[in-house]
Amino acid sequence: MNFKKIELQNGQKTYIVVLDTNEEAFSTLRAFAADQHLTAASITAIGAFKTATVGWFDFANRNHRKIPIAEQCEVLSLVGDIATGDDGKPSLHLHAVLGLADGSTRGGHFLDGIVHPTLEATVVETPADLHRRHQKDLGIALIDL
């Protein structure tokens with residue numbers, strides 16, 4: 001993974017983060033957020049995976065129904081945010097739409113993906129602290145303003 005930081009106005013910073021072949025995208029982006037001490041940011045990315053998993057959140061069972069994609073797929077859209085979790089570490093909430101060879105798509109919460117050949121992400125840090133708190137009644141963590 002390589003990155004470049006670009007300074008913007010009003011304390012806002014933009015990072016261009018390029019992941020390499022065979023890196024696991026979710027954990028690499030989370031490690032990047034930790035290394036840069038990001039407490040509030042948005043993220044967008046495009047690229048491709050050789051395999052990936054997205055999920056649909058099942059409120060009744062309080063977990064993600066995993067949707068594995070065991071083939072090369074294009075990252076048509078990966079969007080989300082970064083906040084600080086209950087554990088004090090970066091908490092990423094990402095959604096993805098992935099395109100398959102036949103033109104169909106799979107989408108949902110982005111859970112993991114093995115990069116092939118690249119993933120190009122733009123991370124925009126805001127000069128704020130956001131905290132994601134676990135909501136027992138929903139079974140998920142939400143940003144607590």
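How many residues lie between β8 and β9 in the hairpin that these two strands form? In this predicted model, four residues separate β8 from β9, and Gly139, which sits in the turn, has a positive phi of about 80 degrees.

- Strand β8, spanning residues 132-135, runs antiparallel to strand β9, spanning residues 140-143, and the two are joined by four bridges.
- Within this pairing, Arg133 of β8 stands opposite Leu142 in β9.

**The largest nonpolar core**
- The largest nonpolar core comprises 30 residues, and those with the most contacts inside it are Leu29, Phe49, Leu98, Leu119 and Val123.
- At least two residues of this core come from each of β2 (13-19), α1 (25-35), β3 (40-58), β5 (73-84), β6 (90-99) and β7 (105-125), with β3 giving the most, namely six residues.
- Leaving aside residues up to four places away in sequence, Leu119 touches Val17, Val18, Leu19, Ala25, Leu29, Ala45, Ile46, Gly47, Phe49 and Val75.

**The largest pocket**
- The largest pocket has a volume of about 490 Å³, and among its 22 lining residues those nearest its centre are His64, Leu92, His93, Arg132 and Ala141.

Note on methods:
Residues numbered from 1 in each chain as written. Predicted model: local features only at pLDDT ≥ 70, side-chain atom pairs only at ≥ 80, totals over all residues. Heavy atoms only, no water. Pairing = 2+ DSSP bridges. Core = buried A, V, L, I, M, F, W, Y, C linked by side-chain atoms within 4.5 Å. Buried < 20%, exposed > 50% of the residue type's maximum accessible area, 1.4 Å probe, protein only. Contact = heavy atoms within 4.5 Å. 1 Å grid on protein atoms, 1.4 Å probe; cavity = no way out; pocket = protein on both sides within 12 Å on 5 of 7 lines; lining within 4 Å. Points joined across faces, edges and corners; volume = space filled by probe spheres on them.
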